[in-house]
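My entries follow in the order in which I made them.

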Protein chains: 2
Amino acid sequence: MKIELINTGSELMLGRVLNSHQQFLCRRLADFGHVVARQVAIADTGSEIQNAVREALSRADLVITTGGLGPTSDDITRELIAELLGKKLIENQNVLAHIENFFTKRNRPRPAKTSVETFVPEGAEVFLNQFGTAPGLAIKIENRKSKIEDSKWLVMLPGPPRELRPMFDNQITPLLKREFADEIFICRTLRSSGVGESRVEEMVAADLQALVKTGLEIGYCARPGAVDVRLVASGAGADKLVAAGEASVQKNLGANIYGFDDDEIEAVVIGVLRSQKKTLVLAESCTGGNLAHRLTNVPGASEIFLGGVVSYANSAKEKFLGVHAETLKNFGAVSEEVAREMASGAREKFGSDFAIAVTGIAGPGGGTTEKPVGTVFIALASSSGVEVKMFFNAWDRETFKQVTATQAFEMLRQHCLK
Amino acid sequence: MKIELINTGSELMLGRVLNSHQQFLCRRLADFGHVVARQVAIADTGSEIQNAVREALSRADLVITTGGLGPTSDDITRELIAELLGKKLIENQNVLAHIENFFTKRNRPRPAKTSVETFVPEGAEVFLNQFGTAPGLAIKIENRKSKIEDSKWLVMLPGPPRELRPMFDNQITPLLKREFADEIFICRTLRSSGVGESRVEEMVAADLQALVKTGLEIGYCARPGAVDVRLVASGAGADKLVAAGEASVQKNLGANIYGFDDDEIEAVVIGVLRSQKKTLVLAESCTGGNLAHRLTNVPGASEIFLGGVVSYANSAKEKFLGVHAETLKNFGAVSEEVAREMASGAREKFGSDFAIAVTGIAGPGGGTTEKPVGTVFIALASSSGVEVKMFFNAWDRETFKQVTATQAFEMLRQHCLK
């Protein structure tokens, strides 16, 4: 089964928005054993959309388009595809009622522009939008030229991720299950921290050689502060092949592996603390709330996370964390000593089992010869005292925050392993 | 000038990583007046990469590939493209010296795997990687078939964003400036908050009609808590056309416009506070540090942002913000009253001009009939008292945090406008 994705939208080609549909749809389809062969993004102009859909339909069994179904004048995907396929647009009463109801519930008048969303290509399956107005559409395309090939499907999804994602999961998945057989495909990712990409391959590749010869595929992916090793196999015996690969990587990377597949290190840390019935608090300076934000993205974080202080100003370090004015004066805010006092102060004030404190220079300004941009101290306070590590993360500001947060979570994870 | 992008990587097609190159490269190229015609993502297997590059070169004047230049065994883009173009790979001594130096500076032995990165296609321009080991490569392809068309360029960039981005800005941009003329292309985005997408179009479209007839293109893009209106024109007179469109949208959207182009609302708020010499602190419950994280992504945030408390546990609300136990007991943590005390407590303890407090139910758990998931109270404390607004943001957990943070920043921005 061959699948292609087409993301439409001039905002994509102008770089005004991030295309997150590619990852979401590829991931969901891979979970059923279907690997997307090609993804294409184009502007929402007539010729481009029709050319891309025509080409994709000539190669693929399933083509999924995103975007261009909304109410504004640049939303033209529905009309162009109906024209390409020679199908009339017909008003759909269920869609009309759904949109009327959408605005009634919100106590807002229905904008006249939304009428265009009620017209659907004849014969299309219609998926009412639970989080918006534009419906999703699926059209079965009978193969007119060949007697051998099966029919194809063209699925059109609305552009906003908060509409597309639940629609795909709740409404499109049943269609795909009905029309296409699952395939045997196993993908397992082992996520590691603390070792670079080349070194990871040196550690694991030799022992995987025999499995590669029998069909195991290996991939490596470097992320901020982490490296993924991906093991893929398909067909009969795929599960055993991947399991053997996993055991081999486990043996060679050991405690550097913090999780699997989509595990984020913050979720792993929360799991560990929950199982050990321990609580965590944060004292963040240069990461400015990134650790707290990542922890609280995990549902159930409140069971172990009591809270944190973002102590950007020195006065906040003194008042909320009990850092001594003298320590700040003698060693500077970015120092091992201040990190130590921030962590022990936070642990004491919140009354938690663990406290992580971070102080450093995110840049672009604020660096000195002695402490250049990228310098960061991470402290971990626990019942056994305070441990401080220095790192040098000379990236852009946002990567700096991400890498530093990952290192801090990894310090805590390693501590809990002991 | 026609440009196409090719993003290679099986991790993209399996949905294991987000493709952020598309947005970055499209945006940078648009800034020179070049709109990317097509972006394609494919797995890093031989036939797919060669097919995609061959097709793109048949249509475009400039083809940029990303990924597959690294040291591991799945990095095969360099070899495949050299083969496709019939070029030998030759060891480059500058690259070798650069990689040796990279590891020497880090006190690590050079992994043998990195040797592959020192081989470059004959005749390629080589761009040493300032943040990694794999060099970027650019190959001029003389047109052999036609006497009319100019030569084409194929540029290959490394996959990690922290390597690709500075390489594009510092090393590839000069090549493009040298080889391709800038084109006249104006793109202006007006960013609004507080009004839905259909309503925005109703407010602005009628007055833009005359300009559309003379060549102005309009686009709308709904984002969490915000709507963008995009005005585009090219060729002679483009600047005047876009300026006239901007004036018209300004007139009709008025104070709903918070910024332009890439302005993030948090950066706008920081700018306003800086100009008014005011300071801000935060008391976050359900947003869990998202406001602090977004504020501190902005360089120079420390001038106005003193810090914040992430008061996830009720005890943290009492201890750090002075919320009364009785208020928590009588009204619950998610209530107007608690939001009010969090904001006034934070303002007082930090000694700031403004404090924003947020308390709500991000979900997926924790909702009740009376206070369903998505309920949120945002309080703004200032010298004129505390203002509280209730919102209902029934999205997934991360969208909830994003939308709520945007609403909070917008409340402060509107307050400062008065």
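**Entry 1: the shared sheet**

I began with Glu4(B), whose bridge partner in strand 3 of chain B is Val63(B). Strand 1 (residues 3-8) of chain B and strand 3 (residues 62-66) of chain B run parallel and are joined by 5 bridges. I took strands as paired if DSSP finds at least two bridges between them. Helices (H or I, at least four residues) and strands (E, at least two) are DSSP runs, numbered from the N terminus.

I noted that this is a predicted model, in which local features need pLDDT of at least 70, side-chain atom pairs count only at pLDDT 80 or more, and totals for chains, interfaces and linings use all residues. Residues are numbered from 1 along each chain as its sequence is written, while chains are lettered from A and ligands numbered from 1 in the order in which they are written.

**Entry 2**

How many residues of chain A are in contact with chain B? I found 78 residues of chain A in contact with 78 residues of chain B; contact means that the C-beta atoms, placed from the backbone, lie within 7 Å. The side of chain A that touches chain B divides into 34 nonpolar, 26 polar and 18 charged residues. I counted Ala, Val, Leu, Ile, Met, Phe, Trp, Tyr, Cys and Pro as nonpolar, Asp, Glu, Lys and Arg as charged, and the others, Gly among them, as polar.

Strand 14 (residues 305-310) of chain A pairs with strand 14 (residues 305-310) of chain B in the antiparallel sense over 3 bridges. Within this pair, Val310(A) has Gly308(B) as its bridge partner.

The same surface serves both copies, since 100% of the contact residues of chain A recur in chain B.

**Entry 3: a second sheet**

In chain A, 4 strands form an open, antiparallel sheet in the order 10-11-9-12. Its edge strands are strand 10 (217-223) and strand 12 (257-260) of chain A, each pairing on one side only. Strand 10 of chain A pairs with strand 11 (residues 226-234) of chain A over 7 bridges, and Glu217(A) stands opposite Val232(A) in strand 11. Helix 8 (residues 238-253) of chain A packs on the sheet and touches strand 9 (185-193), strand 11 and strand 12 of chain A. The direction of helix 8 makes about 10 degrees with that of strand 9 of chain A.

**Entry 4: a helix pair**

In chain B, the axes of helix 2 (residues 21-31) and helix 6 (residues 161-179) come within 11 Å and cross at roughly 5 degrees. That makes helix 2 of chain B roughly parallel to helix 6 of chain B; angles under 35 degrees count as roughly parallel, over 145 as roughly antiparallel, 65 to 115 as roughly perpendicular and the rest as oblique. His21(B), Phe24(B), Leu25(B) and Arg28(B) of helix 2 meet Pro161(B), Leu164(B), Arg165(B) and Phe168(B) of helix 6.

**Entry 5: backbone**

The peptide bond from Gly363(A) to Pro364(A) is cis, with omega near 0 degrees. Pro364(A) lies in the loop between strand 15 (354-360) and strand 16 (375-382) of chain A.

How values were computed. Axes fitted to C-alpha atoms, helices over the stretch in contact; angles between N-to-C directions.
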